Amino acid sequence: MERILFGDNQFFGINHMSEEKARAQAIRFADIREIIDLLDVAYDSGIRVFMCTTHDRIAEICAHVRSHPERYSSLEFYPCMPYAHKYANAVTEHGMIEALKRFLPAEGAFSALVRGGVSVATRDVEGMARLLIDAEMKMFSGLRTPVIFLQNVVTDLLLGMGIKGAFRIFADHVRERYNAEPGFITMNLPRLLDVLEEVGIVDPIVCANINKLGFRMCGGIDLYEKVIASRRFRPIAMSVLASGAIEPREAIEYVCRQKSIRSIVFGASSKSNILNTKRLIDEYSVAG
Amino acid sequence: MVNVGLIGLGKMGLSHLAIVNTHPAARLVGVCDAAGYVCSVLHKYTGIDVFSDYREMLDNKPLDAVVIATPSRFHGEMVREALLRGLHVFCEKPFCLDVADGLELAELAERKGVVNQVGYHNRFVGAFNEAKRLLDAQALGRIHHVRAEAYGPVVLRPKGATWRARGGEGGGCLYDYACHAIDIVNYLVGRPDAVSGTVLNRIFSRDVDDEVYATMHFADGMTGTIAANWSDDSSRRMSTQVALWGTNGRMVVDRQDVKTFIRAAAGSAAEAKEGWDVRHTTDFHRDVWFYLRGEEYSAQLDHFFRSIVEGRRENISSFASAVQTDCVVSAMLQNAGDAWRRVDSASTDPAQSRTGSGGLLSLVTGALR
């Protein structure tokens with residue numbers, strides 16, 4: 001797994017500090033060229049991975065990369081699925097069953113399943129989950145996706161509901177169908193590690209908020225530091241700057257000090273922020 | 001341990017399920033939904049006992065509390081059944097479509113001495129609570145205007161199959177979105193006495209309003225405006241913002257940050273900074289034991305369970321406070337047909353309206369006298 005991953009929150013109006021800033025970014029990145037320009041800055045600085053949500057607009061980026069194979073000869077995507085708002089909004093608008101139907105390619109199969117009642121339904125949930133994963137992966141066709149993540153809203157919803165088997169279904173399908181490593185994004189790291197271990201997912205890739213402020217680290221910063229140091233998994237740190245609440249040098253120094261952290265994902269909306277963050281991570285990674 | 005039953009497995013129900021299931025003081029013992037398919041899948045993968053009839057669950061499970069997250073038109077009946085069995089009740093918003101129902105149930109809950117709460121989660125957002133702290137400390141001086149706005153993507157096409165598209169079931173932007181804005185106004189500065197100029201517009205929906213605009217009038221001469229639109233997909237999720245103007249300055253608050261402009265030499269007792277000051281959610285974020293979509297969803301259920309365990313009766317978002325929001329919603333509904341008149345929020349309180357005669361029209365004109 002690469003040390004530095006370039007994230008995409010900033011491109012889609014996601015900012016954990018300010019709705020105003022989020023909107024300004026959404027307006028700026030309405031032009032796909034703006035996104036590509038920043039992706040190019042990241043790529044040319046040596047960042048080889050774009051970790052991105054399966055947002056509809058990512059399909060445009062995928063198409064661009066596909067059509068310039070030499071330019072992006074070593075670029076990899078780490079897709080994060082699903083783009084949960086797409087589903088949540090559809091459930092609100094159409095109801096759960098109708099929403100599912102809309103996202104499944106084989107509509108006939110699903111209708112039969114609902115009509116068929118309980119016994120058929122429970123048996124086919126796993127097949128349905130695989131179809132949904134495939135639908136999300138369509139946009140990455142022909143591109144390298146060595147790690148595929150389950151997005152935190154879904155990971156944490158399943159975790160909370162106690163649908164533990166779902167992690168196994170996701171992991172197995174991603175391995176078998178895409179020859180990729182499964183990854184899990186969560187806001188509840190210690191709890192998730194227990195469950196992944198329970199369902200036999202060994203040495204999992206888990207991406208979680210890890211920052212000096214303890215911001216959105218459920219279970220507390222002390223417990224996070226302890227599990228990172230002691231448990232067998234491959235941690236990826238996200239929200240290391242806590243949306244800008246921590247000074248960059250201090251933020252990166254804190255994360256790099258924890259030797260078990262494999263990778264750091266960050267998003268930035270300016271060339272200078274990308275280059276500075278990259279430089280800081282390089283500096284503290286070597287210093288260790 | 002608090003034994004909990006959950007009724008309704010829609011979007012909020014699933015979210016509550018995950019949060020209840022992980023709470024250290026709660027044990028989820030039963031789940032109920034009319035959709036057999038969803039229940040059977042849930043049972044298969046979690047082993048939780050599932051029911052299609054909520055009364056069966058209430059009668060057969062040793063419950064201490066219920067969480068109700070069904071379409072709004074069922075709230076009244078289900079809350080009553082739960083209260084009559086002496087259960088603590090957490091009910092999704094809006095509380096009751098009929099204000100009379102809501103008032104009666106708030107009273108019943110009080111009599112039964114049970115914890116009662118409605119899911120107005122903005123009351124558990126750090127930034128809104130910081131705003132409340134500053135307002136209570138008179139940081140802005142005397143408030144003379146408040147503006148609350150709620151925008152987001154729910155109905156974006158001229159069709160809709162769910163209960164949210166049906167007015168009689170608690171659908172519509174007023175019940176779904178505007179009530180959040182109204183409730184946060186009630187929380188921050190108190191309930192308006194009357195409303196006027198209510199506009200309920202349809203954009204895509206056939207039977208319900210997609211946007212809501214109204215003026216609010218408060219006892220001390222303060223005024224306010226509400227704007228809500230659930231057909232706005234320029235933001236990916238619902239965004240609620242409140243702006244307040246006072247004799248000492250201005251404040252703008254949403255779930256992410258609190259911006260204040262405090263006039264120099266204002267002489268306020270509060271420790272707010274002069275001029276513009278912006279503070280972010282990271283400054284007043286409180287740890288929760290489990291995170292899903294936002295701290296506030298966990299924090300509100302934590303408040304509910306703690307109140308039960310500690311025997312606390314006062315609640316940040318009680319039935320009684322939610323009925324106040326229902327009263328304003330009801331006043332807006334009355335006012336919408338005749339928007340140039342003012343309608344007293346209190347006039348939708350049936351205890352008062354019964355004293356008058358001649359129904360709705362006399363209420364409206366009575367309010368103008």
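**From one helix to the contact between chains**

Helix H2 of chain A (residues 32-44) has 13 residues and reaches 18 Å from its first C-alpha to its last, close to the 18 Å expected at 1.5 Å a residue; the expected span is 1.5 Å times one less than the number of residues. Helices (H or I, at least four residues) and strands (E, at least two) are DSSP runs, numbered from the N terminus. This is a predicted model, in which local features need pLDDT of at least 70 and side-chain atom pairs count only at pLDDT 80 or more, whereas totals for chains, interfaces and linings use all residues. Residues are numbered from 1 along each chain as its sequence is written, and chains are lettered from A and ligands numbered from 1 in the order in which they are written.

The buried residues of H2(A) are A:Ile35, A:Leu38, A:Leu39 and A:Ala42. They cover an arc of only 105° around the axis, which puts them on the same side of H2(A); the arc is that of the directions from the helix axis to the C-beta atoms. An α-helix has 3.6 residues a turn, so residues three or four places apart point the same way. On the other side of H2(A), A:Arg33, A:Asp37 and A:Asp44 are exposed. A residue is buried if 20 or more other C-beta atoms, placed from the backbone, lie within 10 Å of its own, exposed if 12 or fewer, and partly exposed in between. Just after H2(A), A:Gly46 takes a positive phi of about 110°.

Chain A as a whole contains 13 helices and 8 strands. Its radius of gyration is 19 Å, close to the 19 Å that the globule rule gives for 288 residues, so chain A is as compact as a globular protein of that length. The radius is taken over C-alpha atoms, and the rule is 2.2 Å times the number of residues to the power 0.38. Of the 288 residues in chain A, 44% are buried.

To the contact between the chains, chain A gives 39 residues and chain B gives 40 residues, two residues being in contact if their C-beta atoms, placed from the backbone, lie within 7 Å. On the side of chain A that touches chain B, the elements giving two or more residues are helices H4 (84-94), H5 (96-103), H7 (118-137) and H8 (152-161) of chain A. The largest share of that side, 7 residues, comes from H4(A).
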